[in-house]
Amino acid sequence: MGPSFGFAVASAHTPAINRGMDRPIIGILGGGQLAKMMAQAAYRLGCIVRVLERKPTHPPLLGWESESGDWNDPDTLIRFAARVDVITVENEFINADALAELEAEGHRLYPPSDCLARVQDKLTQKQTLQQVGLPIPTFLPVQSPEDVLDAASHLGWPIVLKRRTLGYDGKGNATLNTPADLPMAWARLGGDSSPLFVEQFCQFQKEIAVMVTRSPDGTLATYPVVDTVQRDHICHTVTAPADLSPSKAAEAARLATAAVEAIGGIGSVGVEMFYMPDGRILINELAPRVHNSGHYTIEACYCSQFENHIRAILGWPLGSTSMSVPAAAMVNLLGAGDGPGWPSGLVEALAVPGVYVHIYGKDRSAKGRKMGHVTALGADPHAALATALRAASQIRFG
């Protein structure tokens, strides 16, 4: 099924939840900012939200019903599931086997455990995309430092050494420029105890991303392609729409939807890609959940990635992914160091006309921690980005 732009309607066979008089109860595994924005969308539709967090959050980021427990423990998950209609996740690192036991007990989980299993192991993720013929960087599994050197002899230097599991925001990656970089990188990534793989280093022209929402019946809704800028492997800015020709934007959307179908994603899924100097588009990584590159959709699209995620997991019709404005930009607000979770400069940022400031409400700041974001709308992406950066420059955490 190809990409759907604008509006997607669920079929009559969609397994909708609670079409009657009961308010749907949505369970979210994880209580961070992504859960907060999902909950805000769910509340707008009249749903109830319950959150399972590994550790109590003081205070919760939103006024949801919450409990703490080990989300990798099947018994804890099953007890939690008994009090909700459907479960979704804030991160992709929850044990897939434990989630499979949840499904075996008849509970609804989106994305499903087999999707999370394919994505959690980045080598398996790459192999899944490779099997359906999607363009990706060349990769090789490795089991020893000698394997890494052998891979480099085939791929050429530099190469990227990656952990297969538990890597995000650049954690778990190391770029090796020469053999001399290998010992330190192998030790830092825990190569003696954690499985690793090697990937071709891509000298891309820029990075792009696409959010795709997929319903349980296969209905797809695709958001505009965006340009992203990373700093220290963390998303810094997003501008929409991407500066691409219509044909290249359509190609990126097609690849993104094919990738989401390949992993069996349900709900909103982030697809990160490399745009190469020769015009090729390579799929970098997938996040089977709502994603940082889609935060701009809250203000810039008729139906945000968060609302469409809620609609999808409930089996409700998907909303329009079209932008309601010509352009938008998002800037992440990161912690500069250890300190309180409340920022300085908020009043000054709010004085910038036309910005939307999101403060996540975390109790503490840490260097590089995502503490909020700023979105601005504009006549073109450059104007929107300038406004968003102006407001973001006023805010400091830590």
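**Exercise 1. A charged pair**

Are Lys 162 and Glu 285 buried or exposed? Work out where the two residues lie and what joins them.

*Solution.* Keep in mind as you look that this is a predicted model.

Step 1: Find the two residues. Lys 162 belongs to strand 6 and Glu 285 to strand 14, 123 residues apart.

Step 2: Look at their side chains. They meet in a salt bridge, with 3.5 Å from N to O. Side chains of opposite charge can pair when their charged atoms come close.

Step 3: Check the surroundings. Both Lys 162 and Glu 285 are buried.

Step 4: Look for partners. A network of salt bridges links Lys 162 and Glu 285 with Lys 122, Lys 126 and Glu 199.

**Exercise 2. One arginine, two partners**

*Solution.* Step 1: Start with Glu 65. Its side chain meets that of Arg 83 in a salt bridge of 3.7 Å, N to O. Glu 65 is in strand 3, while Arg 83 is in the loop between helix 2 and strand 4.

Step 1: Move on to Glu 67. Here the closest N and O atoms of the salt bridge with Arg 83 are 2.8 Å apart. Glu 67 lies in strand 3 and Arg 83 in the loop between helix 2 and strand 4, so this pair ties together parts that are 16 residues apart in sequence.

Step 2: Glu 65, at 38% relative accessibility, counts as partly exposed. Arg 83 is partly exposed with 37%, and Glu 67 is partly exposed with 28%.

**Exercise 3. The face of a helix**

Decide how the buried residues of helix 4 are arranged, and name what covers them.

*Solution.* Step 1: List the buried residues of helix 4 (residues 113-120). They are Ser 113, Cys 115, Leu 116, Val 119 and Gln 120.

Step 1: Look down the helix axis. The buried residues fall within an arc of 155 degrees, so they line one face of helix 4.

Step 2: Recall the geometry. An α-helix has 3.6 residues a turn, so residues three or four places apart point the same way.

Step 3: See what lies over them. The cover includes strand 4, helix 3, helix 5, helix 8 and strand 14.

**Exercise 4. Into the core**

*Solution.* Step 1: Count. The largest nonpolar core has 29 residues, and Leu 129, Met 273 and Ile 283 have the most contacts inside it.

Step 1: Find the contributors. Among the elements giving two or more residues are helix 4, strand 9 and strand 13. Helix 8 gives the most, with seven residues.

Step 2: Zoom in on Ile 283. The residues it touches include Leu 129, Leu 255, Ala 259 and Met 273.

Step 3: Look elsewhere. Another core, of 27 residues, lies apart from this one and includes Ile 26 and Ile 266.

Technical notes: Residues are numbered from 1 along each chain as its sequence is written. This is a predicted model: local features need pLDDT of at least 70, side-chain atom pairs count only at pLDDT 80 or more; totals for chains, interfaces and linings use all residues. Side-chain values use heavy atoms; hydrogens and water are left out. Buried means under 20% relative accessible area, exposed over 50%, partly exposed in between (1.4 Å probe, protein chains only). Helices (H or I, at least four residues) and strands (E, at least two) are DSSP runs, numbered from the N terminus. The arc is that of the directions from the helix axis to the C-beta atoms. Contact means heavy atoms within 4.5 Å. A nonpolar core is a set of buried Ala, Val, Leu, Ile, Met, Phe, Trp, Tyr and Cys residues joined through side-chain atoms within 4.5 Å. A salt bridge is a side-chain nitrogen of Lys or Arg within 4 Å of a carboxyl oxygen of Asp or Glu.
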